[in-house]
Amino acid sequence: MPILKKLLDVRGAISFKEDNYSSIESAILKFFSVFFNKNKLKNANILSVIVVAPPSLKSCYPCSILRKNGFTFPCITVSDILVDGTPQNILRFLIRVKSNRKVEALYLEEAENLLRNIDKNNTES
């Protein structure tokens with residue numbers, strides 16, 4: 001009898017230093033390395049990823065970076081809305097995972113401030 005795995009949607013985010021390919025690539029690879037290690041996941045556990053990029057991002061498509069680096073899950077990049085005061089150096093992720101264990105959200109670097117803003121304002125920034 002096959003073991004059924006739960007489907008989970010997990011959020012995460014990481015900041016990037018500059019709007020250039022190497023800075024974006026470095027941030028994305030760091031995020032997924034930490035996310036996989038922290039949650040004991042593999043590429044095969046990921047069903048799909050939505051990357052929410054700031055509207056100011058002009059240098060590359062984040063999903064292309066994932067594919068170039070061997071990630072095989074479906075991925076789409078969408079642009080966030082431009083709201084005054086919103087940080088323009090944050091990549092957000094919505095990750096659909098199949099797993100039998102708990103999978104924790106991950107916010108790295110400046111993106112950790114998003115959690116504080118959510119708690120303070122009860123809205124996502």
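Which Phe residues form one aromatic cluster? The answer is Phe-31, Phe-32, Phe-35, Phe-36, Phe-71, Phe-73 and Phe-93. Before we walk through them, a word on the model: it is predicted, so local features need pLDDT of at least 70 and side-chain atom pairs count only at pLDDT 80 or more, while totals for chains, interfaces and linings use all residues. Residues are numbered from 1 along each chain as its sequence is written, and side-chain values use heavy atoms, with hydrogens and water left out. Helices (H or I, at least four residues) and strands (E, at least two) are DSSP runs, numbered from the N terminus.

**The aromatic cluster**

- Rings of Phe, Tyr and Trp (its six-membered ring) pair if their centres lie within 6.5 Å; planes under 30 degrees apart count as stacked, over 60 as edge-to-face and the rest as tilted.
- By this rule the structure has eleven aromatic pairs.
- One of them joins Phe-32 and Phe-71, a tilted pair with 5.6 Å from centre to centre and 50° between the planes.
- This pair links distant parts of the chain, since Phe-32 sits in helix H1 (residues 21-39) and Phe-71 in the loop between H2 and S3, 39 residues apart.
- Both Phe-32 and Phe-71 are buried, where buried means under 20% relative accessible area, exposed over 50%, and partly exposed in between (1.4 Å probe, protein chains only).
- Phe-32 also pairs with Phe-73: the centres are 5.9 Å apart and the planes stand at 35°, so this pair is tilted.
- Here too distant parts of the chain are linked, from Phe-32 in helix H1 to Phe-73 in the loop between H2 and S3, 41 residues apart.
- Phe-32 counts as buried because its relative accessibility is 0%, and Phe-73 because its value is 5%.

**Phe-93 and its surroundings**

- Another member of the cluster, Phe-93, lies in strand S4.
- Phe-93 is buried because its relative accessibility is 3%.
- Not counting residues up to four places away in sequence, Phe-93 touches Val-10, Arg-11, Gly-12, Ala-13, Ile-14, Ile-28, Phe-31, Phe-32, Val-49, Ile-50 and Val-51; contact means heavy atoms within 4.5 Å.
- Val-51 is 42 residues from Phe-93 in sequence, yet the two are 4.7 Å apart in space, C-alpha to C-alpha.

**Strand pairing around S2**

- Two strands pair if DSSP finds at least two bridges between them.
- S2 pairs with S4 in the antiparallel sense over six bridges, and with S3 in the parallel sense over five bridges.
- Val-49 takes part on both sides: Ile-95 in S4 stands opposite this residue, and Cys-75 is its bridge partner in S3.
- From S2 the chain crosses through H2 to S3, a β-α-β crossover that is right-handed (with the strands pointing away from the viewer, the path from the first strand over the helix to the second runs clockwise).

**The disulfide**

- There is one disulfide in the structure, a term that stands for a pair of cysteine sulfur atoms within 2.5 Å.
- Its partners are Cys-63 and Cys-75, with sulfur atoms 2.0 Å apart.
- The link of Cys-63 and Cys-75 is left-handed, with -65° about the S-S bond.
- This pair links distant parts of the chain: Cys-63 belongs to helix H2 (residues 62-68) and Cys-75 to strand S3 (residues 75-79), twelve residues apart.
- Cys-63 is buried because its relative accessible area is 3%, and Cys-75 is buried because its value is 17%.
- Cys-60 counts as buried as well, at 14% relative accessibility.

**Loop residues worth a look**

- Lys-40 has a phi near 55°, a positive value in a residue other than glycine.
- Lys-40 is found in the loop between H1 and strand S2 (46-53), and is exposed because its relative accessible area is 58%.
- Glu-109 is not a glycine either, and its phi is positive at about 55°.
- Glu-109 has its place in the loop between strand S5 (106-108) and helix H3 (112-121), and is partly exposed because its relative accessible area is 34%.
- Thr-86 is in the loop between S3 and strand S4 (90-99), and counts as buried because its relative accessibility is 16%.
- The side chain of Thr-86 reaches the backbone oxygen of Val-83 at 2.9 Å.

Definitions and conventions
Polar contact = N/O pair within 3.5 Å; in protein donor to acceptor, adjacent residues only side chain to side chain.
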